[in-house]
Amino acid sequence: MYKEEISMIQIGLLMASFFVSGAGLYYHGYLLQTVNYNPFAPLFSGAVIALIPTVLASLICAKFPRDNIIGIARQLLGRPVGILITAPLVFIHFALPLPIFRIAAELITDVHLTNTPPIVLMLILLTISSWIALMGTEVVTRTNDEHLVIIFPLTAIMFFLSTSDIDPNLARPLTQFDFSYWMRPEFYGSLSVFFGFGLALFLNDAISHSQKLYRILIGLTFLGLLYLLVTLYLIIGTLGMEMASSFDQPLKVKMTTLREMVFFQRVDILLILLWMFPTITAMSGLIVTGARAVGQWLHLENYRTVVLAYFITALALRSSVEPFQNARNFLMYLSPLWGGLMTLLLLLFLILSVMKKRYALSQKEPRRRNNG
Amino acid sequence: MGRILVLCLLVGILTGCYDQSPIERRALVMVIGFDKGEEKAVAIIPDIHNPKQSDANTQVGPQATAGPAILAPRLEGDTIEDAIESGKKRLPRILDFGLTGAIVISERAARDGIFPFLSWSLFQPTVRNNAFVMVTPSDLQSLFTEKAKTVEGTQGGNVIVSQLVSDTKSAGIARVHLWEAYRTYLDRTGCITTPYIRLVDGKVSYDGAAVFHYDKMVGRVDSKETALMMMVLVERTPYLYTFHFDSPDGGGQKTDPQTKGQANRRNDKSSNVTLRVQTVKRTYQVERVGPKQYSVIIKVDMDGMLSDANPPQVRYSTEDFEAMGEQATEAMHRDLEALMNKTQKQMGADVFHIGRYVRPIDIEEWRSMDWHEVFPTIPVEFEVKVRILGATR
């Protein structure tokens, strides 16, 4: 419906922003609180679980090229049911930036602007993110590309510098498992870091190579897993399980152990601030996809008014996530809902599309027989 | 719409306003001192550097208005926050811990437990997690002010920090960061050791390391023991080790035929020699021998050369070097056993962090036991091998 063009790589980079931002802000905090030892087990389990909807999303995108989840729902279920069934997903896209920005604001307050109320920082992040979203999908993806060009080399340097503090013994045992994580809501809350592929479902109509999208979605999930694995090892190899699990943002604590370099007194802060870049663009991605969906429902020529309406509504609702624990819990319970809903919808679409195809074939067969 | 957006974006400027604090309203704390209070529970002694007296101050005013170079007020309170708040009555400044490089805890406070100080510092947003932690028996106010100086005139707490930052190699200093001490306390896979510093005749000196059991200081190891401990623990080199060498050919004073007629030059082979260890390879062999019972062998292999400090006129043969290696091995084995006996049996402290190797063997058992209580009952053996490759000249 909207004439926008983005590449597969840009979708991949948006997913990468999800991983970088999630690892820095909330993922490891949730993960390390799910087990008493060996957090690698829930990490791999989470990746396997997340791979299911990722594969389903790849199939759906390939099956419906140049159409997004809103269009697919309308095509398979009709307009009213299509809207009804995708509305919770759109709501989640709009809701997620609030807790994530609140968590990001906590990070800045913790290490840099100690006297600034986190809510002010949260609103600034929200404003910037909405501003980028206001300029459209292409601007969001291009901004994200540019951010990541800065982020990746600096992250690699920082990680390299911090390896000297690592003691592999602190990361052991690797062959003994604490399976209690299956019963912990934090484990399911942590999964949202893998759900960046959800953006592709909303932007599939702007991608010209939907059939090949599986390479990016699955490839990025593996790369993201690798990034999470490296950061997890950095954390527990340095802080140990007992210390790391006592923090909500252990990667931040790990980075503050970096020793000063040359003229940088607080080099750790630089990296922490750099995590804000992917967070902003990833959230812009969520906002813009939500706005596009609403625009499609309402047949709006321009979805920018929806972004503005969202921004004003988000401002009004800011107090709901003002306490940090509210934001943390909100994200924790929203994430499994997000993943579960996507999986169910994708399964439903897949079944319906197969059934429709069979029905169409069976309709053709009698005609052929009659003709024959 | 554009105006609304611009207005919204201007909110960003507010962050500067919230955190804005002029430099003259700030007291820049270079080192934090913690002590037991005389009248209240705790005392914090911030080492505050006066920017007016800084070498970087290019706008020098009248000397009378400059004040002392370093301020180290003693602020007491029922809690650390209370102490800081009470200090505002005497020093109406914001204590800025952003430049804090070290945390010095008095010995008497350390013997009562340092965890409250570590915990407060770690969760204080502006204190760097990589600040150093150390213990002193000296008066903290004296240690931080002009009463403590180095040879070239650096004074106060800066002495301590600059020394620790620049000297990363010395085996004799048990450098520990705030986050390391905090982690060690929490995971209990070893004991906390910190540099032990004291003020002697106006000079700050390192006098071994303070050893902790849980978070309470229980004793001290001297500089030689600290160096041995750090060499094994973190394979820190170069490590200088001095021992007595008895030459296999009897040593003594022999006259070199080539020096006949010249002044009577000494040629003592049997003497104290200093070995410069260049490479250390340490491995722990930990085995579970029963419920909550473990046996430990610490293997230490090292290569080194005789240091420049040895008398250069003495000519050692290959046999001498071999014998020297054997004698160094024996001497180091003896010293390590003595150190282990002192720390394990007398202090109950796992200074070699053996717990880190025990923990992964059976993590459930580890979680059910208190390593600090089990460790003193564990047999620990050393297998030492010293190879002397020659002399540095």
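A:Tyr27 is where I would like to begin, and this residue is buried, since 28 other C-beta atoms lie within 10 Å; a residue counts as buried if 20 or more other C-beta atoms lie within 10 Å of its own, as exposed if 12 or fewer do, and as partly exposed in between, with the C-beta atoms placed from the backbone. Please keep in mind that this is a predicted model, in which local features need pLDDT of at least 70 and side-chain atom pairs count only at pLDDT 80 or more, while totals for chains, interfaces and linings use all residues. Residues are numbered from 1 along each chain as its sequence is written, and chains are lettered from A and ligands numbered from 1 in the order in which they are written.

A:Tyr27 sits in helix α1 of chain A, which covers residues 8-32; helices (H or I, at least four residues) and strands (E, at least two) are DSSP runs, numbered from the N terminus. Leaving aside residues up to four places away in sequence, A:Tyr27 touches A:Gly22, A:Ser190, A:Val193 and A:Leu228, where contact requires that the C-beta atoms of two residues, placed from the backbone, lie within 7 Å. The C-alpha atom of A:Tyr27 is also separated by 14 Å from that of A:Ala327, a residue 300 places away along the chain.

Stepping back to the whole of chain A, we find 16 helices and 0 strands. Its radius of gyration is 22 Å, close to the 21 Å that the globule rule gives for 372 residues, so chain A is as compact as a globular protein of that length; the radius is taken over C-alpha atoms, and the rule is 2.2 Å times the number of residues to the power 0.38. Along the principal axes, the C-alpha atoms of chain A fill a box of roughly 80 × 50 × 35 Å. Of the 372 residues in chain A, 52% are buried, and among the contacts between residues at least 6 apart in sequence, 82% join residues at least 24 apart.

Which residues make the contact between the chains, and how many come from each? Chain A gives 29 residues and chain B gives 25. On the side of chain A that touches chain B, at least two residues each come from α5 (97-111), α6 (118-134), α8 (168-171) and α11 (213-244), and α6(A) gives the most, with 6 residues. By class, that side of chain A has 14 nonpolar, 10 polar and 5 charged residues, where Ala, Val, Leu, Ile, Met, Phe, Trp, Tyr, Cys and Pro count as nonpolar, Asp, Glu, Lys and Arg as charged, and the others, Gly among them, as polar.

Turning to chain B, strand β8 (residues 193-200) and strand β9 (residues 203-213) run antiparallel and are joined by 7 bridges; two strands pair if DSSP finds at least two bridges between them. β8(B) and β9(B) form a hairpin with 2 residues between them, and B:Asp201 in the turn has a positive phi of about 50 degrees. β9(B) also pairs in the antiparallel sense with strand β10 (residues 216-221) of chain B, over 5 bridges.

Further along chain B, strand β12 (residues 271-290) and strand β13 (residues 293-306) pair in the antiparallel sense over 14 bridges, with B:Arg282 having B:Val300 as its bridge partner. By contrast, β13(B) and strand β14 (residues 380-391) pair in the parallel sense, over 10 bridges, and there B:Ile297 has B:Glu381 as its bridge partner.
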